[in-house]
Amino acid sequence: MRMVYTGADEEDFIDARERLLVELDAWSQMRQRMIDPVVAGAMLDYRFERDGMLGRWSREVLRGALLTWFPRKVVLLDPHSTAVLSTVESLLDFFDDADLFDERSEPPSVLRSFVRGIADEFDEAMNEPANYGLAKFWAVAMAEHGIDPLDEQAAQAFIDQVQQGEVEVDQVLLHEIAYRHYEGDPEVEPLDPTPVFALTTDEELTAEAAATTVVRVLRRFVDWVGEGRELAPKGRLAEADSRELAERLAMDDPGEVVSLAKTAGVVRVLKGRLVRVKRAAPLLDNPLALWRAAVPHAVADHSEPVRRRAADRQLAYELMESIQADHDCATVPMLVEILDDLADLAWRSADAAPVLRVVHRLSLYGLVEIAPATEEHYEDLIDFSGVDSVEEVPEEERQVVRMLPLGTRAMYEARVAAGVPTLTLQDLAEETAEVFFARIAPLPREAFEEGARLWLQARAASRAIAELTELARRTDDFEHRMLAFQLLAEYGEAGVTAIDELREHSAAGPAALSWLLDAGLIDSSEVHGRERTYSMVDVLASGIRSAGRKKALEEFAAQPRPAQLLFLADATICGHPSTREVLESMVVAHPDRMVSNAARKALDWLHEED
């Protein structure tokens with residue numbers, strides 16, 4: 001079962017939570033342990049909101065969940081420690097029995113001892129109204145007055161009565177809780193995953209920097225300044241010099257170049273003349289250093305006071321952060337919608353012009369590149385533009401903005417300088433295989449390959465093979481399994497043997513079979529009917545979860561109808577735990593009504609068997 005959901009969609013986590021709770025219920029019945037599914041679900045919610053590592057537990061994590069997050073957020077019919085902590089202990093025992101603990105968790109015995117030792121603290125924290133969050137305060141107040149908080153009309157009527165003074169609540173306490181809520185409560189608020197940066201070497205970046213427009217322009221400008229240029233009143237270029245510079249650099253606004261050169265520290269004003277800074281000579285000879293000196297002119301420093309940031313520089317930073325958060329690629333309409341929600345920006349407008357202007361400027365610095373959108377981006381263009389077809393999107397907005405290596409380095413260095421948590425591929429090389437896959441799979445292919453090289457390099461072959469094999473056995477994430485096989489194959493015969501030995505495993509077997517077939521290491525004649533069907537269900541279930549029903553069924557629906565109907569007949573008896581999910585998707589989303597009806601009949605047969 002997959003246990004790492006860092007940065008995953010909430011829907012994916014909710015599906016995983018339901019599967020875990022079903023398994024927990026079955027385990028509790030077998031072990032005759034009493035559990036409260038609300039408490040167990042709340043514990044999983046806490047882990048998802050904090051870092052997504054459902055199987056990584058420590059005393060610090062338990063303390064945050066039980067002594068801060070539960071008192072703030074969780075409303076229980078029986079909040080006494082006896083009922084709550086027994087469920088938490090059962091959840092930990094279930095993880096231990098099912099081998100779902102992350103290897104970096106503290107020993108189960110230590111965790112159990114901690115849970116048993118905080119009973120009094122838990123009761124005190126849960127019963128202290130000052131610990132409540134705003135939503136819990138109102139929920140408890142409503143319950144005390146016989147109001148169902150889930151009844152929206154009744155809840156709103158209750159709040160109106162409080163505001164009109166018809167119902168009394170502790171106004172001092174409400175004010176304190178509301179203040180904490182609106183100021184932000186970092187101990188309980190969901191945390192964004194720490195971004196992962198795939199950094200390019202300085203040698204490669206130096207070549208990238210040398211090719212940027214901004215470095216070329218700065219060098220040519222300093223050459224033009226020569227022994228110095230007389231300035232007109234108010235420190236401006238003389239009109240003749242301005243025309244000459246505009247022609248030489250092919251720029252409409254020479255004053256912008258002067259400002260840029262001052263920011264970079266390569267020129268200064270001395271006694272009414274614009275002169276070169278002699279100490280900057282080494283800077284001009286180092287493209288990467290010169291580029292670094294110039295970047296603050298275009299992008300606001302993360303640690304710089306907001307009042308000192310020009311609107312375009314602030315917008316540039318927000319754009320870069322948004323592109324980076326969307327796996328280094330975003331369409332123009334997406335950026336317009338995301339950034340329009342940032343009320344602190346002076347440019348705030350649904351108009352794309354400011355975004356296009358700043359993106360173009362970033363491209364001059366080699367931070368991003370702009371390219372026409374291809375078919376894979378059409379759905380995104382339509383969704384964010386609010387239109388029915390790509391043709392309705394303005395031509396200048398039918399573009400994709402991609403982060404370049406210099407942009408990645410700039411964002412990384414800005415975050416490090418500001419003390420903001422940041423990860424690199426090298427950092428992930430020390431992580432477990434599942435955390436590594438969850439964080440790096442969404443990155444571009446080149447980043448994955450470099451990360452995989454570092455991960456394999458960081459551990460002995462025997463340890464890597466054992467860890468990857470164990471993950472392949474346990475996870476129910478098809479992509480993670482196939483990535484595990486991909487890395488196992490890097491070990492040649494030893495890795496392929498490990499994959500082959502998984503063929504008989506009830507969960508990993510179909511994926512192992514599929515990988516061996518695709519790699520040409522076994523002949524299709526060796527594959528039995530049940531193996532083939534089980535493998536197909538595995539692939540379809542994975543596709544449905546990752547790409548959605550419609551897209552996942554496209555390739556399947558392209559097969560001859562008889563082959564699809566035969567698959568449906570075999571799927572009901574192949575024993576795959578996701579068969580029901582696949583059949584339900586076919587009933588709803590398969591384009592062929594005959595196949596859809598056959599899937600419904602197969603689903604009915606499964607219900608009868610149950």
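Colleague: Which residue forms a salt bridge with Arg47?

Modeller: Keep in mind that this is a predicted model. The closest N and O atoms of the two are 3.2 Å apart, and the partner of Arg47 is Asp51.

Colleague: Over the ring of which residue does the charged end of Arg47 sit?

Modeller: Besides its salt bridge with Asp51, Arg47 has its charged end over an aromatic ring, 5.4 Å from the ring centre. That ring also belongs to a cluster linked by ring pairs, with Trp27, Phe94, Phe95 and Phe101 among the members. The residue under the charge is Trp57.

Colleague: Are the rings of Phe94 and Phe95 stacked, edge-to-face or tilted?

Modeller: A ring pair is described by the distance of the centres and the angle of the planes. The structure holds 16 aromatic pairs. For Phe94 and Phe95, the centres are 5.8 Å apart and the planes are at 35 degrees. Stacked needs under 30 degrees and edge-to-face needs over 60, so the Phe94 and Phe95 pair is tilted.

Colleague: What distance separates the charged end of Arg459 from the centre of the ring it sits over?

Modeller: The ring here is that of Trp455. A charge counts as sitting over a ring if it is within 6 Å of the centre, along with an angle condition. For Arg459 over Trp455, the distance is 3.8 Å.

Colleague: How many residues apart in sequence are the parts tied together by Glu431 and Arg104?

Modeller: Glu431 is buried at 11% relative accessible area, and Arg104 is partly exposed at 40%. Their closest N and O atoms are 3.7 Å apart, which makes a salt bridge. Glu431 lies in the loop between α21 and α22 and Arg104 in the loop between α4 and α5, so the pair ties together parts whose separation in sequence is 327 residues.

Colleague: About how many helical turns separate Arg409 and Glu413?

Modeller: These two form a salt bridge, with closest N and O atoms 3.7 Å apart. Arg409 counts as buried at 10% relative accessibility, whereas Glu413 is partly exposed at 28%. Both are in helix α20, four residues apart, so the separation is about one helical turn.

Colleague: What phi does His327 have?

Modeller: Most residues other than glycine have a negative phi. His327 is in the loop between α16 and β6 and is partly exposed, at 43% relative accessible area. Asp328 is found in that loop too, with a positive phi of about 70 degrees. His327 is not a glycine either, yet its phi is positive, at about 60 degrees.

Note on methods. Residues numbered from 1 in each chain as written. Predicted model: local features only at pLDDT ≥ 70, side-chain atom pairs only at ≥ 80, totals over all residues. Heavy atoms only, no water. Phe/Tyr/Trp six-rings, centres within 6.5 Å; stacked < 30°, edge-to-face > 60°. Lys NZ or Arg CZ within 6 Å of the ring centre and 35° of its normal. Helix = DSSP H or I, 4+ residues; strand = E, 2+ residues; numbered from the N terminus. Buried < 20%, exposed > 50% of the residue type's maximum accessible area, 1.4 Å probe, protein only. Salt bridge = Lys/Arg side-chain N within 4 Å of Asp/Glu carboxyl O.
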